[in-house]
Amino acid sequence: MKVTVAGTGYVGLVTGVCLADLGHHVTCMDVQEEKINLLKAGYSPIYETGLEPILQKNIANGRLHFTTNPKEAYAQNDLIFITVGTPENPDGTADLQYVERVALTIAGQLEDDVIVCMKSTVPVGTTEKVQKIIEQNKPPHLAVEVVSNPEFLREGSAVEDFYYGDRIVIGSRNQEAAATLEELYSPLQIPMIKTDIRSAEMIKYASNAFLATKISFINEISTLCEKIGANIDEVASGIGSDRRIGPHFLQAGIGYGGSCFPKDTKALAQLAGNVQHPFELLEAVIKVNNRQQSLPVEKAKHLLGSLQGLKVAVLGIAFKPKTDDIREAASIKIITELLNEGAIVTAYDPVAIPNAEKVFGEKVMFTDEIREAILHADLAIIATEWDQIKMFPLYLYSEYMNDALIIDGRNCYSLAQAKRHEIKYISIGRPVEQGDGSPVSLN
Ligand code: UDX
């Protein structure tokens, strides 16, 4: 099929590259000339596992093209995906200006019938709005059907999720359009759920809200575990083995971040408010997450008193491993709070430093060496569970730090490991251990 993908962010780029790999002829369109030039040369502007080789392969075999020219992109296609950003407005609602703008541009360039597919996460009702915008601005003789096809790609494993996703959701009012989407994805052999447009849009929000709820739930349980002397690892494994609950998304820590969960939970809560049904459960999920991100600095102040002039290493900046994305990362809040407390911060990350530098400039020292970050530090806070951190030997903390104190926001080390070393190790939802192995109370 001939496909255009409008917007080359994480979702658009992965979708475009992988669709080309399935055998379709794909054009990726973006207004940013610099990005398109980079892509034409075979380089991915984002760090995404496995993406670049597939990108290069499909440029070479002639199935993947990049352009900034709307006519070339939109005039004649079987399908156009809208994958532009839907950032958050200050009140938590989704900002739809890019979606609306691209809908107008598409309508202005069309020379043939086409199916337009909304992949950006948008409030319920937006797909119908896009249908209207295109209807009102397209050449009258052309038939355009707008469908909803939400994405479920996780950053860092987006390519894998494209090929091996659990389901593909297609929301359409028109059987033929839905069948075209089915045909497009058929080589993947992933179960397809065909539904109406509003339900498809809601499935996306409800999925992310449910996953965020699971995370805040386990984080609340982890705080209780700390207070009553239970261990969250045991508890999560105990409840996760009930098939009705399942073992996934029960990793306690310093909360969820990224480009989706924080934004989508707020947008759904806002949407609920708009229809006079305050979503109290989801509001609590958001509140718990905000609190969770502040835990490391709270614990540090509890243990050390003032942080003024102390040297603190923040290990991991990306919102999760295998990505350079720092949007809504717990590390941002942690570093900001540390700086406010007068601490001297050195931050480690294997790939996210260029993004972090844009936020903190010279207020923070950055390094891609864990040893350098912890050298003479008074405190190390682990904010991302990178393999490099998990594999970093614990004895080196006592060798390099002033007085090894680790606050591990991602439970990277086992308590048994921590017990064997001359360190004070504080993690999330687990009994606190110090060098001699005896538990200490934070109360
Ligand atoms: C998410 C959804 O998973 C994906 O389906 C959607 O389309 C986009 O949003 P992503 O934001 O890339 O994907 O990351 P994900 O792996 O889902 O993790 C989100 C956040 O939750 C991370 O900050 C992670 O650290 C946190 N998390 C995840 C936990 O704190 N505990 C867990 O058990 C799982």
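## Residues around the ligand

By class, the shell around the ligand holds nine nonpolar, four polar and six charged residues, where Ala, Val, Leu, Ile, Met, Phe, Trp, Tyr, Cys and Pro count as nonpolar, Asp, Glu, Lys and Arg as charged, and the others, Gly among them, as polar. Of the 19 residues around the ligand, Glu155, Lys204, Gln251, Gly257 and Lys320 come nearest, a residue being near if one of its heavy atoms lies within 4 Å of the molecule. This is a predicted model, in which local features need pLDDT of at least 70 and side-chain atom pairs count only at pLDDT 80 or more, while totals for chains, interfaces and linings use all residues. Residues are numbered from 1 along each chain as its sequence is written, and side-chain values use heavy atoms, with hydrogens and water left out.

## Polar contacts and cover

Polar contacts here are pairs of N or O atoms within 3.5 Å; within protein, one atom must be able to donate a hydrogen and the other to accept it, and residues adjacent in sequence count only if both atoms are side-chain atoms. A backbone N or O atom of Glu155 lies 2.6 Å from an oxygen atom of the ligand, and for a backbone N or O atom of Leu153 the distance to a ligand oxygen atom is 3.5 Å. From the side chain of Lys320, an N or O atom is 2.9 Å from an oxygen atom of the ligand. The protein covers 91% of the 670 Å² of accessible area that the ligand has on its own, as given by the Shrake-Rupley method with a 1.4 Å probe, where for residues only the protein chains shown count as cover.

## Helix α9

Helix α9 (residues 197-228) gives the largest share of the shell around the ligand, three residues; helices are DSSP runs (H or I, at least four residues), as are strands (E, at least two), numbered from the N terminus. The end C-alpha atoms of α9 are 47 Å apart, which agrees with the 46 Å that its 32 residues should span at 1.5 Å a residue, the expected span being 1.5 Å times one less than the number of residues.

At the N-terminal end, Asp196 caps α9, with a side-chain oxygen 3.3 Å from the backbone nitrogen of Arg198. After α9 comes Gly229, whose phi is positive, near 80°.
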